[in-house]
Amino acid sequence: MLAENVWVGFLIRYHRTEITLRETFVRLLDRLAPNGDRDGRWSQKFWALRGISLTVRPGEVLGVVGRNGSGKTTLLKTLAGILGPDRGRLEVRGRVGCLMSFGVGFNPNLSGRENVFINGSMLGLSRQQLAERLDRIVEFSELGDFIDAPVRTYSAGMRGRLGFSIAIHIDPDILLLDEVLSVGDAAFREKAGSILDRFRAAHKTVVVASHSMKLVEEQCTRAIWLDAGEIRMDGDPAAVIEAYAGKLRAAD
Amino acid sequence: MLSRSQGLPAVVCAPTLAERLRELYARRETIRFLTGSYLKAGHRDKVLGHLWSLLDPLLFMLVYFLVFGVLFGLAGGGGRSLRFMLYILIAVLTWRFFQGAISQSANCIRANRGLIHEISFPKAILPVTVVLSRLYDFAWGLVVVVAMLLAAGVWPTIHYLWLPLLVALTLVFVQGAAFIVAYLGAFFADTTNVVDVALRLLFYTSPIFYYVRHKPGVPEHQVFLTEHATLHFWYMLNPITCLYECFRDALLWGQAPELRLLGCAAAFALLICLVGFAVFASGEGKFAKYV
């Protein structure tokens with residue numbers, strides 16, 4: 001399976017706090033009143049991504065750099081299909097794998113093995129594929145006999161390992177990584193690093209959001225600089241990093 | 001689409017309803033896994049475990065029988081008690097299916113906020129899983145009902161053939177309502193409160209433990225509401241009422257379900273399912289932002 005094409009135009013996101021029925025009702029009255037909603041205090045549209053147009057081709061390793069709050073995570077989540085764009089179009093072809101956090105959706109009362117099936121199925125694999133990969137997944141996670149114990153007995157690290165193991169073995173066409181390779185212990189990081197190499201060798205598409213300039217420079221074929229929801233610069237990793245680092249230094 | 005010819009699934013924003021349905025069908029394995037996990041997890045730690053699926057409607061039926069049948073005297077006394085128990089049981093079973101599915105759906109999006117924030121999947125899977133896991137209990141409950149009917153000497157008639165259709169209609173109706181409630185529950189935290197009250201109202205205005213139609217062997221004075229034609233009409237417009245009565249016709253009275261009731265239930269079921277799915281689908285892209 002080859003990787004795909006991501007074409008995205010004008011992605012804008014709306015951000016709001018909890019709504020209750022009462023608030024909605026009051027808001028309605030407010031709007032109807034003659035001076036209603038003048039200062040826009042009921043709803044502020046926060047555009048996390050503004051007018052992003054981006055095409056990613058198969059085989060590219062795209063690095064996304066930017067300050068905290070610039071929209072990196074939002075961009076990745078939108079590409080993954082977790083968030084829908086408010087405006088514009090998004091087209092993604094092929095299976096997307098997100099490594100943003102692991103072990104979500106684990107049912108604590110069921111065993112690790114059962115959760116592999118559930119989680120794996122959620123992430124898009126068929127039962128047959130999961131059955132084939134089950135041994136590899138268990139081995140990679142190094143959980144041993146614990147795989148048959150209920151997940152609520154696992155430590156946080158064990159849960160993370162199992163989640164990561166499942167996510168890795170999904171074998172997606174596009175891989176989205178969100179600053180995730182920098183957490184975890186040394187052994188974990190080593191494993192994670194080799195994964196990236198494997199993906200590059202297999203000509204899959206990877207999009208990485210990272211704060212590590214070193215990683216972007218070494219691993220990526222292309223980089224974009226995201227600033228306040230817009231793409232400031234798009235091109236050769238070294239050049240982009242140069243510009244980004246320059247801005248950071250200037251800000252100090 | 002180019003991607004389909006290459007065998008790759010395409011993810012385009014704002015897919016049509018038909019595409020969403022197809023996606024749901026493609027994810028049926030996930031639905032099966034999730035439903036299984038809900039059921040297993042729900043029963044695993046309990047002493048009586050799976051038995052509760054069967055005991056639940058029976059025990060509730062007994063409670064209502066004692067309170068309304070014996071205490072309030074709605075049963076009619078004597079040999080009619082057993083039939084009254086069966087009468088209640090059928091409705092209680094259907095009601096528990098509906099009520100359980102609705103109250104769990106109201107919360108299903110919020111409860112799974114972690115999942116929604118991290119993985120891209122058709123969120124419709126969540127209310128569908130809730131309803132299917134309740135359907136499982138409902139199906140087993142029906143088996144118990146039939147067993148009890150046989151034990152009471154009410155033999156199966158050809159009208160048992162209506163059962164698959166009735167179960168399907170109930171499923172469609174409950175699923176539609178679940179979609180709507182799940183959608184509302186995602187955006188409004190108050191939904192659970194409103195749903196609780198609405199369920200209470202529906203509970204008392206549907207004939208679980210009282211009669212509303214004239215049937216052989218049921219004393220005239222036990223049947224309610226038949227004097228006021230308009231009230232009776234509006235009362236019977238309730239699809240849940242229609243479903244109860246249809247089930248009772250097929251199982252207990254050994255008759256074909258009254259056609260106008262069947263029609264009413266079918267119309268409501270289809271309508272609410274279509275509307276519910278459309279409404280829920282419109283929210284698919286937004287859930288992750290609000291939850």
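In this predicted model, Ile168(A) is situated in helix H5 of chain A. Ile168(A) counts as buried because 23 C-beta neighbours fall inside 10 Å, where 20 or more are required. Leaving aside residues up to four places away in sequence, Ile168(A) touches Phe140(A) and Ile195(A). Arg67(A), by contrast, stands 101 residues from Ile168(A) along the chain, and the C-alpha atoms of the two are separated by 27 Å.

A second residue of chain A, Phe146(A), occupies the loop between H4 and helix H5 (156–168). Phe146(A) has 19 other C-beta atoms within 10 Å and is therefore partly exposed. Residues up to four places away in sequence being set aside, the contacts of Phe146(A) are with Gly112(A), Tyr154(A) and Met158(A). For Gly112(A), the separation from Phe146(A) is 34 residues in sequence and 7.4 Å in space, taken from C-alpha to C-alpha.

Chain A comprises 252 residues, of which buried residues make up 42%. Of the contacts in chain A with a separation of 6 or more, 74% involve residues 24 or more positions apart.

Burial in chain A can be followed along helix H2, which spans residues 72–80. This helix is mostly covered, with 8 of its 9 residues buried. The buried set consists of Lys72(A), Thr74(A), Leu75(A), Leu76(A), Lys77(A), Thr78(A), Leu79(A) and Ala80(A). After H2(A) comes Gly81(A), with a positive phi near 95 degrees.

Helix packing in chain A is illustrated by H3 (residues 112–122) and H4 (residues 127–141), whose axes come within 10 Å and cross at roughly 125 degrees. H3(A) and H4(A) are therefore oblique to each other, and the crossing in which H3(A) passes H4(A) is right-handed. On the side of H3(A), the contact is made by Val116(A), Phe117(A), Gly120(A) and Ser121(A); H4(A) contributes Arg127(A), Leu130(A), Leu134(A) and Ile137(A). The residues of this contact between H3(A) and H4(A) comprise 5 nonpolar, 2 polar and 1 charged.

Chain B contains 13 helices and 1 strand. Along the sequence, the elements of chain B follow the order α-β-α-α-α-α-α-α-α-α-α-α-α-α. Taken along the principal axes, the box filled by the C-alpha atoms of chain B is roughly 70 × 45 × 40 Å. Of the 291 residues in this chain, 39% count as buried. Among contacts in chain B between residues at least 6 apart in sequence, those joining residues at least 24 apart account for 77%.

Two helix pairs of chain B were examined. In one of them, the axes of H4 (residues 51–71) and H5 (residues 80–111) come within 8 Å and cross at roughly 130 degrees. H4(B) is therefore oblique to H5(B), and their crossing is right-handed. Asp56(B), Pro57(B), Phe60(B), Met61(B), Tyr64(B), Phe65(B) and Gly69(B) form the H4(B) side of the contact. They meet Ser81(B), Phe84(B), Met85(B), Ile88(B), Leu89(B), Val92(B), Leu93(B) and Arg96(B) of H5(B). Classified by type, the contact of H4(B) with H5(B) has 11 nonpolar, 2 polar and 2 charged residues.

The other pair joins helix H11 (residues 239–253) of chain B to helix H12 (residues 259–283) of chain B. The axes of H11(B) and H12(B) lie 8 Å apart, and the packing angle is about 130 degrees. This pair is therefore oblique as well, and H11(B) passes H12(B) in a left-handed crossing. From H11(B), the residues in contact are Pro239(B), Cys242(B), Leu243(B), Glu245(B) and Cys246(B). Their partners in H12(B) are Leu261(B), Leu262(B), Cys264(B), Ala265(B), Phe268(B) and Ala269(B). The contact of H11(B) with H12(B) includes 10 nonpolar residues and 1 charged residue, with no polar residues.

Notes: Residues numbered from 1 in each chain as written. Chains lettered and ligands numbered in written order. Predicted model: local features only at pLDDT ≥ 70, side-chain atom pairs only at ≥ 80, totals over all residues. Axes fitted to C-alpha atoms, helices over the stretch in contact; angles between N-to-C directions. Helix = DSSP H or I, 4+ residues; strand = E, 2+ residues; numbered from the N terminus. Parallel < 35°, antiparallel > 145°, perpendicular 65-115°, else oblique. Left-handed = near helix turned anticlockwise from the far one by under 90°. Contact = placed C-beta atoms within 7 Å. Nonpolar A, V, L, I, M, F, W, Y, C, P; charged D, E, K, R; others polar. Buried ≥ 20, exposed ≤ 12 C-beta atoms within 10 Å, placed from the backbone.
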